Amino acid sequence: MNKLYASRKKSLPYSVNVISELHANENANSRILRGLLQYSHNGKYPIFQKFIECIHLHTDCELGLVIKNPEFTNEENRIDLLIKEKKTYAIIIENKIWDAVDQEAQIERYVDYVDGLAIPRKKIFTIYLTSDGSKEVSDRSLTDKAKKYLGCTNKNNGRFICINFKEHIIPWLDELTNDTKINNEPLLLSAITQYCDYLKECFDLRKEDIEIENELEKQLMEKLQIQNLQELLQTRNDVDKLQEIVSSTINNKILGICENKICKSLKKKGYIIKSYEFSYNNFLLEIEVPNWKKCWWVMENDGIK
């Protein structure tokens, strides 16, 4: 199967994606989104407007915004992407494209900050943007206080909006390429095309990849001599079990390496390890530096995908 996959990939026309080659992390993805959303034409913000329409189409939350002079920022008070108009509205976007672990009271801190900007509370929205919708926000991030701020109840999510790249952002980007105004902006159109292609690559949604997967599916059925649904389900269970074992082995190897190479080295230098989590998807390390009142140290894995 691997040989067939490699052969079919090799036969495809040459393709290169600038964003993919630069190994865009969550911060880079947030900057790209900000660059697209802030596009204006004759005082209008067509891409931002279509983004709002996308939210209305896929969620029950009606933002009811009148867009006049929005401000778009990255990393303002550690918020991935913040869109706001003075004393009018604010949209907090928490980007979890690689499903990073939620931080303690993360959403609460962001809402607190925006609330201090004299934005009407009922016009403060938070978008939790994940890879494919499978990741759910944790209570440690979306605290009871944050839920109250955002009008979350047992019946609905209030102004806490969950969307994802795979089902919502990619179709939205595809739709943008058909917009007449955007087609008259060659560099903007190029950026949207590249970003859409990059995301499709991340989620195996390129047309060519789908065609290859369909061919592999037929080969799989033939090679394993699968005759019915029951046999197919059993095969999936076997593969899932193998994946669990491989994933566990990988995570144990990573944990052992990091504990030995990082934690032990830091302890020898007098640092106190407060907490850590090392695995394929997570690299979290909190340390206490002697004679420092506060220290924040972050390391990122650029090749997580």
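Colleague: Why is E288 called partly exposed?

Modeller: This is a predicted model, and in it E288 has a relative accessibility of 36%. Buried requires under 20% and exposed over 50%, with partly exposed in between, so E288 counts as partly exposed at 36%.

Colleague: What makes K274 and E288 a salt bridge?

Modeller: The closest N and O atoms of K274 and E288 are 3.5 Å apart, and the cut-off for a salt bridge is within 4 Å, so the pair qualifies.

Colleague: What makes K135 and D102 a salt bridge, and which parts does the pair tie together?

Modeller: The N to O distance between the side chains of K135 and D102 is 3.8 Å, which is within the 4 Å cut-off. K135 lies in the loop between β4 (124–130) and α6 (144–149), and D102 in the loop between β3 (89–96) and α5 (106–115), so the pair ties together parts that are 33 residues apart in sequence. Both K135 and D102 are buried.

Colleague: How do you know that the end-to-end distance of helix α9 agrees with its number of residues?

Modeller: At 1.5 Å a residue, the 17 residues of α9 (residues 186–202) should span 24 Å, and the end C-alpha atoms are 24 Å apart, so the two agree. Among the buried residues of α9 are L188, L189, I192 and Y195, and what covers the buried residues includes α3 (26–37) and α4 (46–58). Just after α9, D204 takes a positive phi of about 55°.

Colleague: Which residues are closest to the centre of the second largest pocket, and how is its lining divided by class?

Modeller: The second largest pocket holds about 440 Å³ of space. Of its 17 lining residues, K9, L12, S15, E201 and R206 are the closest to the centre. The lining has six nonpolar, three polar and eight charged residues, and α9 supplies the largest share, three residues.

Technical notes:
Residues numbered from 1 in each chain as written. Predicted model: local features only at pLDDT ≥ 70, side-chain atom pairs only at ≥ 80, totals over all residues. Heavy atoms only, no water. Helix = DSSP H or I, 4+ residues; strand = E, 2+ residues; numbered from the N terminus. Expected span 1.5 Å × (residues − 1). Buried < 20%, exposed > 50% of the residue type's maximum accessible area, 1.4 Å probe, protein only. Contact = heavy atoms within 4.5 Å. 1 Å grid on protein atoms, 1.4 Å probe; cavity = no way out; pocket = protein on both sides within 12 Å on 5 of 7 lines; lining within 4 Å. Points joined across faces, edges and corners; volume = space filled by probe spheres on them. Nonpolar A, V, L, I, M, F, W, Y, C, P; charged D, E, K, R; others polar.
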